[in-house]
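Hello,

Here is the structure I promised to pass on.

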Amino acid sequence: MQKITLTFLCLLAALTIAANPVDQMLERIDKGASKKFKTERIASDRDFFELDQSGRRVVVRGNSWVNIATGVNWYLKYYAGIHLSWNGMTATLPATLPPVTKKERHETDLKLRYDFNYCTFSYSMAFWDWERWQQEIDWMALHGINLPLAIVGEECVWRNMLLRLGYTEEEIGRFIAGPAFLAWWEMNNLEGWGGPLPRTWYDRQEKLQRRILTRMREWGMSPVLPGYCGMMPHDARERLGLDVAEAGLWNGFQRPANLLPTDPRFAEIATLYYQELTRLFGRSDYYSMDPFHESNDDAAIDYAAAARELLRAMRQCNPRSTWVVQGWTENPRPQMLEALAPGDLLVLDLFSECRPMWGAPSIWRRAEGYGQHPWLFCLLENFGANVGLHGRMDQLIDNFYLTQTHPLARHLKGMGFTMEGSENNPVMFELMSELPWRPERITKEAWLDGYVKARYGADDPQVREAWAILANGIYNCPVGNNQQGPHESIFCGRPSLDNFQASSWSKMRNYYDPASTLAAARLMVEAADRHRGNNNFEYDLVDIVRQAIADQARIQYQHTVADYKAFARKAFDKDARRFIDMLRMQDRLLGTRREFRLGNRIAQARSCGSTAAEKDLYEWNARVQITTWGNRYCADTGGLRDYAHKEWQGLLADFYAVRWQTYFDRLAAQMDALAKPDPDMLGAGTNSNKTADELFQMALPQEVKVDWYAIEEPWTLRHNTYLPTPEGDPIAIAREALQLLNQ
């Protein structure tokens, strides 16, 4: 009897431990770490976490598992000097944790804390496995996220629905996009590009999403599942007899058709969709829908009626559910806001740190905000998952605390991360995640002092000085500058005589002195030996020196172009060679960190495949997305080429360097040709009949013509190996890089 009782108690203890996701997370951070903490979940109408001490154990209390995890993160940063972020989600905790000598409590009324943009799932997460997702869910919990967008496997729902509607596997393959382009298919922008998806992909993603949702729900998070807006294959009129809006093109791609919610068959098809979604992934209290996303107003659409029907279809699946919609450009339409009752919608103010729509001063300001509907203050920060230091520290802080007094902010319910790409600029996401828990206004200077000490586990005045320079320069993009994401690297743009931004949509504008990032890089390198082996420091060292190289290369490019225009042949050769040397140095530096290696992304992509053909398809997806993005039309005319450019080892040496070397060689050849007698000018050649104006134009510097796509596309089709494993000493190579910049 005693043996049976003991067995029962052991099983009960095991179940109790399994039911505590905080302890499980702590064990993933550092084996044995859960024994150093005591967690207490206490019911409360107000979100809170509290730090305390019980003997040798640190006590973390909260009213939810996520809030307790947020408290753990706060303790690790500000008591133990341990900062967990994308570049490192494990740590070695001290044998005895620093004690909490005085109880510390933080509360917030901002109960909803959202994560992800549709684009994040393609630009950053397209090829993640369960291990990587597990780390991300831990990161979310540590940063207070309880409302994550969860759209992995949406293509599985669509495949099942379309099969029920009579579509063949071949037809479905032409409709659903490849892994790296699913986000834009989901947003009704394109069909089929990057596909067709093999059957094994659907099986993989279905299993992965179930694990993701199970873990999110264990934490008490509320996953936001994708709702149905009316998207259909562009041939739905002919194929199914549906009355759909004209599909049209998006950057040269065929767009899906749009079945209006007021169509008689909308309810039938929406029901099929929600049946398949629920069968695979269960119900949710939140569904994400962005009808009429990035589209012009259409007088033929009754937006109010459409909103009511979309809500009706969603609520038929779950009567308690809330519709989550992005506040972006024209969406949500005013007619939709007016047609729905308060609480039906939850609006994501997607770019609150720069272009808030909720009522704060902005080029996108809405005079009445979102009316009576609840909304979330969101940090967008990154577009295209581009690599680059970037932030709007003062704007973010100012705009956030403005919500405490502004009358249009009275329905604010929380915050969100809505980045197009993650795994970059951890400082900005750390700052944003803390704002809801800091009711008293902070300054970036005071906050950074704590961040730097937490980030590196030591208070180093030289490093603090480096960060102060960055915080007042590149991390403080000012009001009025509306650029989208990081200051783009000159290395990543298609070469020309007037190269400034790499992508066509960045709206980039200079706002900081490039000497400032070089000064910060020098300070970091000077302090490097004191922090050798510190993972966070070495990541930041590489990232900051990388930024300094990119900024100085922009100046070097200007020297090279000036040489060409001045016809200074020897100077041109010297400056062009130095630019290429800087590019190749960048490649070497970034090779010292896995996060900045193309091989890391390629390895993720190929690991998703079960056959050689599948692996090749996924690698092609990965390569195309970060370079041409689409076919020739898209690359040359459509506007998406280099939108997702990356300063990554391997890509710099084998793609960007080839473009720049080709360009400089063509300019040099042109200069050499101009230095020789023109045979047409010696006799009755073609130039002898030209007008004075035509001859004058010929005398001006001429842009060389290069078929760039013919150079770019072959690289996307290759399968040469790029290793994910870091190579070289980051500190030693950072020093070499500064020596090159000082020459």
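**Aromatic rings and their neighbours**

Arg-239 lies over the face of Tyr-167, 4.8 Å from the ring centre. Likewise, Arg-623 has its charged end over the ring of Trp-715, at 4.6 Å from the centre. (A charge sits over a ring if NZ of Lys or CZ of Arg is within 6 Å of the ring centre and within 35 degrees of the ring normal.)

Please keep in mind that this is a predicted model, where local features need pLDDT of at least 70, side-chain atom pairs count only at pLDDT 80 or more, and totals for chains, interfaces and linings use all residues. Residues are numbered from 1 along each chain as its sequence is written, and side-chain values use heavy atoms, with hydrogens and water left out.

Now to the ring pairs: Phe, Tyr and Trp (its six-membered ring) pair if their centres lie within 6.5 Å, with planes under 30 degrees apart counted as stacked, over 60 as edge-to-face and the rest as tilted. That rule gives 59 aromatic pairs. One of them is edge-to-face: Trp-184 and Trp-629, 4.9 Å centre to centre with 75° between the planes. These two residues are 445 apart in the chain. Trp-184 is buried at 4% relative accessibility, and Trp-629 is buried at 0% (buried means under 20% relative accessible area, with a 1.4 Å probe and protein chains only).

Trp-193 and Phe-253 make a tilted pair, because their planes are at 50°, with centres 5.5 Å apart. Both residues are buried.

Trp-184, Trp-629, Trp-193 and Phe-253 are among the members of one aromatic cluster, which also includes Tyr-123 and Trp-505.

Best wishes

Methods
Helices (H or I, at least four residues) and strands (E, at least two) are DSSP runs, numbered from the N terminus. Buried means under 20% relative accessible area, exposed over 50%, partly exposed in between (1.4 Å probe, protein chains only).
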